Amino acid sequence: MSGEGENPNSKKSVSGGADNISGIVNFMARIANRSALKAIALGSLTLLVVTGFAGGLQNRSAAETDIGKQLSGLRSMADADRSVLTKKLALQIRALPAGAGKAGLANSLANLATEGDFGRDTLQEVTTTLAVALTETPSPRGGDQPYPGYDELAQLAKYEHMNVSMDSAEYRKAVAALDAVDDERKKVDFTLSDLAGHPWTLSALKGKVVLVNFWATWCPPCRKEMPDLQTLYNQFKSKGFVILSISDEDAGKVNPFVADHKYSWPILLDPGRNVNQMYRIQGIPKSFLYDRKGHMIAQTIDMRTKAQFLDILSRAGLK
């Protein structure tokens, strides 16, 4: 996150595209895993050395290089066009010869494909492509930590309810690791202060429907979903809906941003990243929904649209 010294200007190479080999290397390295994509640096930055894509990009085929260029431009597209291209790229990647380059591209596309709602069919094609690529190219990394692609696949299955046809040891390891993290998250309680200095304690909000949302001012997907959060807050706050948005940036960055956009729900500061660590946040935006009994009933792995938020809020009785 911001503790790694990144700033909004450094994200332009990700969202603005890459039109040469060095630009593609930079882009693909930054989206090597979900933490690199969403925060560029959340914890330790794992470059695409893991997949072998960035390190050997000069040896990639023309087809792989072209797909990398198209991936770098996805964020700049309108959602309808982005949906069409995302599905097209999933099929193009699936048709590539097996190898680390194919696995890296499949994982990068999966990272980007959850930034909103581009259609269930599209996301399933992306998921299937990632599963195929990982099946063809076994994990190059040993030890207890799963290869990032398997972790991504496990999240697609658990949180996006995609169909994953895989029974490899690496995938099972990723699923087990994800289940263990979720068990930890369900036990989290915290107290943080908002921009006015008012303390908020999660456990004290029983009786309310609470959305805990992790974000940053420089994060493009975070900024994209925040107007919808304001709309939903206005719609449901009289029914006991509370949003607690948590940033690990300092108040000097957060205050002007919130004031400029006139966001009115509680914005909390976590400068020591203690609450981020409690939730094991490895990418933003990420949200957790609690029902009126204080039970975590849903979570997201990326930005959500208004319709997607409405779907999970309905599970807590807000309609």
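**Strands, pocket and salt bridges**

Guide: In strand 3, Val209, Leu211 and Asn213 point one way and Val210, Val212 and Phe214 the other way, and all are buried. Buried means under 20% relative accessible area, exposed means over 50%, and partly exposed lies in between (1.4 Å probe, protein chains only). Helices (H or I, at least four residues) and strands (E, at least two) are DSSP runs, numbered from the N terminus.

Visitor: Before we go on, what kind of model is this?

Guide: This is a predicted model: local features need pLDDT of at least 70, side-chain atom pairs count only at pLDDT 80 or more, and totals for chains, interfaces and linings use all residues. Residues are numbered from 1 along each chain as its sequence is written, and side-chain values use heavy atoms, with hydrogens and water left out.

Visitor: Why do side chains in a strand point two ways?

Guide: In a regular strand the side chains alternate between the two faces of the sheet.

Visitor: And why is strand 3 largely enclosed?

Guide: Six of the six residues of strand 3 (residues 209-214) are buried, so the rest of the structure largely encloses it.

Visitor: Which strand pairs with strand 3?

Guide: Strand 4 does, in the parallel sense, over six bridges. Two strands pair if DSSP finds at least two bridges between them. Phe214 has Ile246 as its bridge partner in strand 4.

Visitor: What else is in strand 4?

Guide: Ser245 is found in strand 4 (residues 241-247). Ser245 is buried, with a relative accessible area of 0%. Its side chain is joined to that of Trp265 by a polar contact of 2.8 Å. A polar contact is a pair of N or O atoms within 3.5 Å; within protein, one must be able to donate a hydrogen and the other to accept it, and residues adjacent in sequence count only if both atoms are side-chain atoms.

Visitor: Now strands 6 and 7. Do they run parallel or antiparallel?

Guide: Strand 6 (residues 286-290) and strand 7 (residues 296-299) run antiparallel and are joined by three bridges. Tyr290 stands opposite Met296 in strand 7. Their hairpin has five residues between the strands, and Gly294 there takes a positive phi near 85°.

Visitor: New topic. How much space is in the second largest pocket?

Guide: About 500 Å³. Of the 26 residues that line it, the closest to its centre are Tyr159, Glu160, His161, Gln299 and Arg315. On a 1 Å grid over the protein atoms alone, a pocket is an open set of points where a 1.4 Å probe fits, with protein on both sides within 12 Å along at least five of seven lines; lining residues have an atom within 4 Å of a point. Grid points are joined across faces, edges and corners, and the volume is the space filled by probe spheres set on the points.

Visitor: Which element gives the largest share of that lining?

Guide: Strand 7, with four residues.

Visitor: What about His161, is it buried or exposed?

Guide: At 55% relative accessibility, His161 counts as exposed. His161 lies in the loop between helix 8 and helix 9, and has a positive phi of about 60° although it is not a glycine.

Visitor: And Glu160, what does its side chain meet?

Guide: The side chains of Glu160 and Arg304 meet in a salt bridge (3.1 Å, N to O). This pair links distant parts of the chain, 144 residues apart: Glu160 in the loop between helix 8 and helix 9, and Arg304 in the loop between strand 7 and helix 13. Glu160 is buried, and so is Arg304. A salt bridge is a side-chain nitrogen of Lys or Arg within 4 Å of a carboxyl oxygen of Asp or Glu.

Visitor: How many salt bridges does the structure hold?

Guide: The structure holds 14. One of them joins the side chains of Arg82 and Glu115 (2.8 Å, N to O). Arg82 lies in helix 5 (residues 79-94) and Glu115 in the loop between helix 6 (100-113) and helix 7, so the pair ties together parts that are 33 residues apart in sequence. Both Arg82 and Glu115 are buried.
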